[in-house]
Amino acid sequence: QVSEREDVPVGTVILLINTTDADVGTNSDVQVRLIVGNVGSAFSVTPDGILTVARSLDRETYPSYTLTLQAEDGGVPSRTSTADLVVRLTDVDDNDPVFKPNVYSVSVQEDSPIGMSVVQVTAEDPDLGSNAEIYYSLVSHSETFVINEKSGVIFINSSLDRETTVEYNISVVANRLLTSIANVKVTVEDVNDQSPVFE
């Protein structure tokens with residue numbers, strides 16, 4: 001079993017496969033080939049057992065490969081043996097977080113108290129561990145609303161007044177090394193908070 005980063009460059013040597021044959025002459029000449037498990041022709045092996053990366057790898061598509069290798073000697077008839085090799089890919093932060101959904105629409109009453117939650121936005125990242133951690137931030141209307149950077153819950157941060165502002169269009173960023181943006185429309189609903197005035 002071997003482990004490699006999923007962003008390992010094409011052409012990188014993964015393993016030098018050693019084989020022996022106790023015979024002599026051509027009967028001891030051994031050639032190695034891949035016979036099973038090489039999904040997408042991701043790897044290649046030379047007859048003398050140099051295993052290399054042949055195509056770009058992606059852990060999110062194939063986290064591991066179980067390769068069956070065959071060693072065949074030069075005898076007539078030839079003799080063969082097989083061995084399995086597991087290649088596990090380790091994660092790299094190579095995926096953008098994705099909002100699901102990426103557009104939110106909510107309504108709140110204009111007399112809603114400061115600190116009230118409005119909506120929770122959610123993004124997903126197919127990477128693993130710390131590479132999948134997401135932090136949320138607002139890039140607009142941060143004086144009126146705040147967001148919990150870990151949970152994605154948006155809260156009212158200052159008093160609302162429909163007579164002043166009817167609608168807020170908020171942009172939310174899910175940000176690690178890579179970013180994604182969601183749009184949140186907050187409509188302020190009227191409350192009977194104005195007295196009639198004689199003109």
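**A chat about an all-strand chain**

Me: Where is Thr61 found?
Reply: Thr61 is in the loop between β5 (50-53) and β6 (64-73). Strands here are DSSP runs of E, at least two residues, numbered from the N terminus. The model is predicted, so local features need pLDDT of at least 70 and side-chain atom pairs count only at pLDDT 80 or more, while totals for chains, interfaces and linings use all residues. Residues are numbered from 1 along each chain as its sequence is written, and side-chain values use heavy atoms, with hydrogens and water left out.

Me: Why does Thr61 count as partly exposed?
Reply: Because its relative accessibility is 49%. Buried means under 20% relative accessible area and exposed over 50%, with partly exposed in between (1.4 Å probe, protein chains only).

Me: How many residues along the chain separate Thr61 and Thr165, and what about their C-alpha atoms?
Reply: Thr61 and Thr165 are 104 residues apart along the chain, and their C-alpha atoms are separated by 46 Å.

Me: What box do the C-alpha atoms of the chain fill?
Reply: Roughly 115 × 20 × 20 Å, taken along the principal axes.

Me: How many helices and strands?
Reply: The chain has 0 helices and 16 strands. For helices, the DSSP runs are H or I, at least four residues.

Me: Which strands form the open sheet?
Reply: There are 4, in the order β9-β16-β15-β12, with mixed pairing. Two strands pair if DSSP finds at least two bridges between them. The edge strands, β9 and β12, each pair on one side only.

Me: How do β12 and β15 run?
Reply: Antiparallel, joined by 4 bridges. Leu138 has Val172 in β15 as its bridge partner.

Me: Which residues have the most contacts inside the largest nonpolar core?
Reply: Phe145 and Val172, in a core of 24 residues. Such a core is a set of buried Ala, Val, Leu, Ile, Met, Phe, Trp, Tyr and Cys residues joined through side-chain atoms within 4.5 Å. A second, separate core has 18 residues, including Ile14 and Val87.

Me: What is Phe145 in contact with?
Reply: Leaving aside neighbours within four places in sequence, its contacts (heavy atoms within 4.5 Å) include Val118, Leu138, Ile154 and Val186.

Me: And how much of the chain is buried?
Reply: Buried residues make up 35% of the 199.
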